[in-house]
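Please study the sequence and the structure shown here, then work through the exercises in order. Each task is followed by a solution in steps.

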Amino acid sequence: MSLPQIVLDVPTLKLTLCIVGGLLLIAMVRITFLLRTNNRLRESTAKMEKQVLTQYQEILAVRQDSNAWRGELQRAFDAFRAEFSNRLAESEQRYQDIQMRYENAAKPAVAKAFAPPPLPSPAPSAEPPEEKAVPPVPAIAIS
């Protein structure tokens with residue numbers, strides 16, 4: 001059994017030409033649709049890249065603002081700490097001064113206790129009696 005050969009007559013050639021032409025037309029339409037899709041994707045990619053760049057710049061701006069804000073807070077805190085450190089040192093110095101005055105005021109009283117009584121003065125004095133010095137409360141140390 002042998003296969004019959006294709007006869008190359010006009011109707012067969014026309015049918016073959018129509019099939020090949022139809023496939024070519026379908027391929028051309030498909031290529032056109034693919035080109036349109038490719039252009040849309042290219043435009044979409046460009047928009048996305050611009051958006052990514054814009055977001056990256058915004059992120060950098062926010063980071064710079066955040067660092068500036070953090071720096072301002074750190075400077076304010078350092079100034080606050082320095083101010084209260086100075087106040088603490090001044091308070092401690094005042095406390096030491098008051099302690100020295102209290103000790104100095106207490107020493108003559110001890111010396112007066114062993115000294116002979118003073119002679120009575122002819123005129124009474126109008127000065128109020130002397131008050132005892134009250135020791136101050138020590139300052140709280142802030143660390």
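The exercises below concern a predicted model.

**Exercise 1. The chain as a whole**

Task: State how many helices and strands the protein chain has, and what percentage of its residues is buried.

Solution: The protein chain has one helix and zero strands. Of its 143 residues, 1% are buried. The chain exposes about 14,000 Å², and 65% of this area is supplied by carbon and sulfur atoms.

**Exercise 2. A nonpolar patch**

Task: Identify the residues that make the nonpolar surface patch, and decide whether Ile26 counts as buried or exposed.

Solution: The patch is made by Leu15, Ile19, Leu23 and Ile26 and covers about 430 Å². Ile26 is found in helix α1, which spans residues 10-114. The relative accessibility of Ile26 is 56%. Exposed means over 50%, so Ile26 counts as exposed.

**Exercise 3. An aromatic pair**

Task: Determine why the pair formed by the rings of Phe80 and Phe84 is classed as it is.

Solution: A pair of aromatic rings is described by the distance of the centres and the angle of the planes. The count comes to one aromatic pair. The ring centres of Phe80 and Phe84 are 4.6 Å apart, and their planes stand at 55°. Planes under 30 degrees apart count as stacked and those over 60 as edge-to-face; the pair is therefore tilted.

Next, consider position. Phe80 and Phe84 are four residues apart in helix α1, so about one helical turn separates them. Phe80 is partly exposed, with a relative accessible area of 48%, and Phe84 is partly exposed at 34%. Finally, Arg87 lies over the face of Phe84, at 4.9 Å from the ring centre.

Technical notes
Residues are numbered from 1 along each chain as its sequence is written. This is a predicted model: local features need pLDDT of at least 70, side-chain atom pairs count only at pLDDT 80 or more; totals for chains, interfaces and linings use all residues. Side-chain values use heavy atoms; hydrogens and water are left out. Patches are made of residues with over 30% relative accessible area and no salt bridge: like charges are joined within 9 Å, nonpolar side chains (Val, Leu, Ile, Met, Phe, Trp, Tyr) within 5 Å. Accessible areas come from the Shrake-Rupley method with a 1.4 Å probe; for residues, only the protein chains shown count as cover. A salt bridge is a side-chain nitrogen of Lys or Arg within 4 Å of a carboxyl oxygen of Asp or Glu. Helices (H or I, at least four residues) and strands (E, at least two) are DSSP runs, numbered from the N terminus. Buried means under 20% relative accessible area, exposed over 50%, partly exposed in between (1.4 Å probe, protein chains only). Rings of Phe, Tyr and Trp (its six-membered ring) pair if their centres lie within 6.5 Å; planes under 30 degrees apart count as stacked, over 60 as edge-to-face and the rest as tilted. A charge sits over a ring if NZ of Lys or CZ of Arg is within 6 Å of the ring centre and within 35 degrees of the ring normal.
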